[in-house]
Amino acid sequence: MADDVFDAVILERGEYPGAKNVQGAVLYSRMLHDLVPDFWKEPSNAFERPVVEEKMCIATDDSWITVGYKSHKFLQGIPNAYTIIRVNFDRWYSKKAEEAGAEIYTGVKVDDVVRKGGKIVGVKTSDGDELLANVVIACDGVNSILSQKAGFCDELEAREVALGAKEILELPAEKIEDRFNLEKGEGATLEIFGSTSFGMLGYAFLYTNKETLSLGVGCKLSHYQKTGLRPSEHLELVKKHPCVRKLIEGSKPLEYSAHLIPEGGFNSMPPLAKDGFLVAGDAAQMVNPAYREGSNLAMTSGRLAAETVIEAKKKGDFSEATLSAYVDKLKASYVLPDLEDMKDLEDSIESSDGFLDFYPRLACDLAHLRFAVDGTPKREHMKKAFSMVMKRGPFKLAKDLWPLRKAAA
């Protein structure tokens, strides 16, 4: 920011940090450790449970296959991930920023950028105030107003965003640990794909907190529009699925929230650097839905943007030529390579007729055939299994599975 005012100012639209933020939420630790070293060693209510088990379910209406991995290696060194509740985490995180010297102003809505000589030199608030800066970093989330006002992008289309909704369900800690087979204080995650999304591109999730569960759904907004299913209704249907029902039995709903999630990824990214302006996190479409990653990309891109600004300040040069080093840093990190690898995955799935219905049913039918003991020779089971697979057709199978190679790598 301008030298005669503050080094850094953070503008928060909510009444307090976290008031406007919604997330599932799983937070990957290494990226936070890069910003707040050894954060997990200090007492704090910002974190719920360290995750020791991650599971995925492929479901039909009455069956499901569970694939998971559980290991206490996740707790060694830097813990791999924590479940969090954003309002608690964001308050803690904002205090860390203040301790580092940032000025935080809450209840401030930014409506526009300020230009001088064709260059962006600050922001304008809804109160008409102007805050001048050497560099503005747009981290205002999905459908970024700042990026639009800067001329970087238009309002996102329904196909470029998902709509996520979740409930916080109260449940005693001992019941959570018993139902998820956890030791005291440990956490687990569960994602469900297949029939629980009713033909829409998306999934349901269930995460363990200290004394609550986070149950949520997320699907393409364009698919919700097409089906007419409301996210709140979707949640109620997911609660009734047998793979969820017993895990949440007896829980008490505490809160409901919903939020748009950038889904366009690499193909919908705006320019990331111009004179006096950088874009990071959700505002830059930095979400990797194939791996359930978003907040880690936001933290890394925010850190790299800040490092770029520091370098630019040392040079006294805030031009696009200098600030474009931010893009180079993103390319050298995991952020842009991962997003580029996944850029066509969702389009490929959507364009493949019946993909979201056929494969979950196939997986469960094959599993049933594998474990059923019905007096039929196993060679007949194998023939039936082959017939099930080939019902899709060899060319369509190849077309379906080819885009998945990078996601499975």
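**Close-up views of a predicted model**

**View 1. Met56 is partly exposed, at 42% relative accessibility.** Here buried means under 20% relative accessible area, exposed means over 50%, and partly exposed lies in between (1.4 Å probe, protein chains only). The model is predicted: local features need pLDDT of at least 70, side-chain atom pairs count only at pLDDT 80 or more, and totals for chains, interfaces and linings use all residues. Residues are numbered from 1 along each chain as its sequence is written, and side-chain values use heavy atoms, with hydrogens and water left out.

Met56 sits in strand β3. Strands (E, at least two residues) and helices (H or I, at least four) are DSSP runs, numbered from the N terminus. Which residues does Met56 touch, not counting those up to four places away in sequence? They are Ile65, Thr66, Val67, Glu191 and Phe193. Contact means heavy atoms within 4.5 Å. Met56 and Leu190 are 134 residues apart in sequence, yet their C-alpha atoms are 5.6 Å apart in space.

**View 2. Domain 1 meets domain 2.** The chain has three domains: domain 1 (9-46 + 84-153 + 270-341), domain 2 (159-262) and domain 3 (346-407). These bounds come from an automatic or database domain assignment. Taken over C-alpha atoms, the centres of domain 1 and domain 2 are 28 Å apart. Domain 1 brings 15 residues to the contact, and domain 2 brings 18.

Interface size is often given as the accessible area lost when the parts come together. Between domain 1 and domain 2, about 1300 Å² is buried, and carbon and sulfur atoms give 60% of that area. Buried area is the accessible area (1.4 Å probe) that two parts lose on being put together, summed over both. On the domain 1 side, Val22, Val142 and Arg292 lose the most area to domain 2, together 40% of what that side buries.

**View 3. Arg292 and Glu191 form a salt bridge.** Their side chains meet at 2.7 Å, N to O. A salt bridge needs a side-chain nitrogen of Lys or Arg within 4 Å of a carboxyl oxygen of Asp or Glu. How many salt bridges are counted between domain 1 and domain 2? The count is one.

**View 4. Gln285 is buried, with a relative accessible area of 2%.** Gln285 lies in the loop between β17 (277-279) and α8 (295-315). Its phi is positive, about 65°, although Gln285 is not a glycine. The side chain of Gln285 reaches the backbone nitrogen of Gly264 at 2.7 Å. Leaving aside neighbours within four places in sequence, Gln285 is in contact with several residues, among them Leu156, Glu160, Pro262 and Met269.

**View 5. Gly24 and Ala25 are joined by a cis peptide bond.** Omega is about 15° for this bond. Ala25 belongs to the loop between β1 (9-12) and β2 (26-28).

**View 6. Asp38 has a positive phi.** The value is near 55°, in a residue other than glycine. Where is Asp38? Asp38 lies in the loop between α1 (29-33) and β3 (49-59). Is Asp38 buried or partly exposed? At 34% relative accessibility, Asp38 counts as partly exposed.

Key:
A polar contact is a pair of N or O atoms within 3.5 Å; within protein, one must be able to donate a hydrogen and the other to accept it, and residues adjacent in sequence count only if both atoms are side-chain atoms.
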